[in-house]
Amino acid sequence: MMEHSHSISTAVAELMITKRDQQRCKQSVDEIRAKCSKWGDALTVWDEIFRICHCQTHEPTEEDYKKAEEIIRIGMKLIRGFELSITPKIHGIEAHVAAQMRAIPGGISRLMEYWMEHYHQTGSNLDNKHRHTKDMESLAKARLTIESRETNPQVQREIERVENQHKTGKRKSTLAKKDAETKAKKERLDGILAKDRAGGFGV
C-alpha cells in the first residue's frame, strides 16, 4: 500500500467524488482531492521512514541521521495533522530512532524483531502439522528434529544451491518498470520535502 500510495490515494479520491452524497458530504471536490493527496504523502513519507530504519546496505552516515530526523519530523507532522493517536511505537520512532541510529554500530536494522514474528509463523505451522500428536515427548523430538534440519548451515547452503540452479533472472521489462517506480517515488518524496520546507504542511 505504501509503495503505491500515490496511485491508491488518487483512485480513492475519485471514488469518493463519484459516490459522494452531496447532502451529507460537506467537503468540496478540491477538499476531497487535497485530503486524499495528503494521505498519499503521509504513506510515502512513512514508507521512507521504514526504509531508513531497515537499511542494511551501508553503515549509516551523518547524512543518513539528518535525513532520518527530517523525514520522521514530517511524518509526525502529517499524523498530527490528521489528529491521529500517537501510539507507543510511533512515539518511539519520533523520540529515539535517530539517536539509536547514531548509537548502534551498523544501524538499528540489526535490532529488528522480524525474526520473532517469523518464528511465530513457523511455530504455528509446526503446531498445526503435529496437532494430532498427543505424547509431549514425541512432539518435542519431532519439533527439534525439524528445527535442527532447517537451521543446519549445510542444509541451507544446499537449498540455496538448488534454488540458484533453477532461478531465472528478472526480465528487462520488469527491471525497467521497477526502476521507473523507484524514480517516481523519489520524485514524490523530493516534492514532499520541498513542500514542507516551504511551509506547506504547517507548523
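What follows is a short chat about side-chain pairs and helix packing in a predicted model.

Biologist: What kind of model is this, and how are residues numbered?
Modeller: It is a predicted model, where local features need pLDDT of at least 70, side-chain atom pairs count only at pLDDT 80 or more, and totals for chains, interfaces and linings use all residues. Residues are numbered from 1 along each chain as its sequence is written, and side-chain values use heavy atoms, with hydrogens and water left out.

Biologist: Aromatics, then. How many aromatic pairs does a search of the whole structure find?
Modeller: Two. Rings of Phe, Tyr and Trp (its six-membered ring) pair if their centres lie within 6.5 Å. Planes under 30 degrees apart count as stacked, over 60 as edge-to-face and the rest as tilted.

Biologist: Is the pair of W39 and F82 stacked or tilted?
Modeller: Stacked, because the planes are at 10°. The ring centres are 4.0 Å apart.

Biologist: Where do W39 and F82 sit in the chain?
Modeller: W39 is in helix α2 (residues 29–54). F82 is in the loop between α3 (62–81) and α4 (88–103). That is 43 residues apart, so the pair links distant parts of the chain. Helices here are DSSP runs (H or I, at least four residues), as strands are (E, at least two), numbered from the N terminus.

Biologist: Is F82 buried or exposed?
Modeller: F82 counts as buried, because its relative accessibility is 17%. Buried means under 20% relative accessible area, exposed over 50%, partly exposed in between (1.4 Å probe, protein chains only). W39 has 37%, so W39 is partly exposed.

Biologist: What sits over the ring of F82?
Modeller: The charged end of K38, 5.7 Å from the ring centre. The rule asks for NZ of Lys or CZ of Arg within 6 Å of the ring centre and within 35 degrees of the ring normal.

Biologist: New topic: charges. How many salt bridges does the structure hold?
Modeller: 13. A salt bridge is a side-chain nitrogen of Lys or Arg within 4 Å of a carboxyl oxygen of Asp or Glu.

Biologist: Which residue forms a salt bridge with R102?
Modeller: E69, with the closest N and O atoms 2.9 Å apart. R102 lies in helix α4 and E69 in helix α3, so the pair ties together parts that are 33 residues apart in sequence. R102 is partly exposed at 37% relative accessibility. E69 is partly exposed too, with a relative accessible area of 37%.

Biologist: What about K186 and D190?
Modeller: Their side chains meet in a salt bridge (2.9 Å, N to O). They are four residues apart in helix α8 (residues 172–197), about one helical turn. K186 is exposed at 52%, whereas D190 is partly exposed at 35%.

Biologist: Which residues are linked in a network of salt bridges?
Modeller: E48, R51 and K67.

Biologist: Last one. At what angle do α3 and α8 pack?
Modeller: About 75°, with their axes 11 Å apart. Axes are lines fitted to C-alpha atoms, for helices over the stretch in contact, and angles run from 0 to 180 degrees between N-to-C directions. α3 and α8 are therefore roughly perpendicular to each other. Angles under 35 degrees count as roughly parallel, over 145 as roughly antiparallel, 65 to 115 as roughly perpendicular and the rest as oblique.

Biologist: Which residues in α3 and α8 meet?
Modeller: From α3, E70, I71, R73, I74 and K77. From α8, L189, I192, L193, D196 and R197. Contact means heavy atoms within 4.5 Å.
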